[in-house]
Amino acid sequence: VLVGGGAVVVWRDLERSGRIRPGYFLGMAGEAIVYALLFGVVAGTLTELLLPSLVILAASDGGMRSLPEDWSLATQLMISLGAGIYEELLFRVLLVSGLVLIGTRVFRWSSTRASVLAVVIGAVIFSAFHYLGPYGDTFVLASFTFRAIAGLLFSALYVLRGFGIATWTHALYDVFLSLQ
């Protein structure tokens, strides 16, 4: 369904613009790489500013679990890419866009107000989902805050720069973490 839906979107865009422009893809890739490299520093710094004493505790407490070390690098990279794409589809395209639609159509809010509220609500839900289920992390305030800030940043990227930039930034950030 996703591949078919993606093919329809590509076909529609080709009908509108007439051709694929490789320069756009290179520009998007460069932009996403820069954002992904800066992302952890920015989110970590903002988290530390909000919770200075807890960030040190979270780092020593294992507040954010990484992928299992016994997984091959190829598996870790596949999971990282998949998580970035899946989470952007779920939390940005469906959740944030849905909340903006509800805000503008049901509550008659301005697009700006609906977007800001959707970004904040989406970020909190994004963070909370990392603690659910058997594979969820143990709740630690610092990691929750870091992920909420990450959700704000990813959602802001989605609203301001679009799905492609947000998705590749998220996926590449996860990949860069796997390579550390």
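I began with the side chain of T145, which reaches the backbone oxygen of L141 at 2.8 Å, a polar contact in the sense of N or O atoms within 3.5 Å, with one able to donate a hydrogen and the other to accept it. I am working from a predicted model, in which local features need pLDDT of at least 70 and side-chain atom pairs pLDDT 80 or more, while totals for chains, interfaces and linings use all residues. Residues are numbered from 1 along each chain, and side-chain values use heavy atoms, without hydrogens and water.

I placed T145 in helix α6, residues 141-161 (helices are DSSP runs of H or I, at least four residues, and strands runs of E, at least two, numbered from the N terminus). I found T145 buried, at a relative accessible area of 14% (buried is under 20% with a 1.4 Å probe, protein chains only). Leaving out residues up to four places away in sequence, I noted that T145 touches T47, L50 and L51 (contact means heavy atoms within 4.5 Å).

I turned next to α4 (residues 73-106) and α5 (residues 111-129), whose axes come within 8 Å and cross at roughly 140°; axes are lines fitted to C-alpha atoms over the stretch in contact, with angles from 0 to 180 degrees between N-to-C directions. Residues of α4 including F91, L95 and L99 meet a set in α5 that includes A118, I121 and I125.

For the whole protein, I counted seven helices and zero strands, and I noted that the C-alpha trace spans about 55 × 45 × 30 Å along its principal axes.

Notes: Buried means under 20% relative accessible area, exposed over 50%, partly exposed in between (1.4 Å probe, protein chains only).
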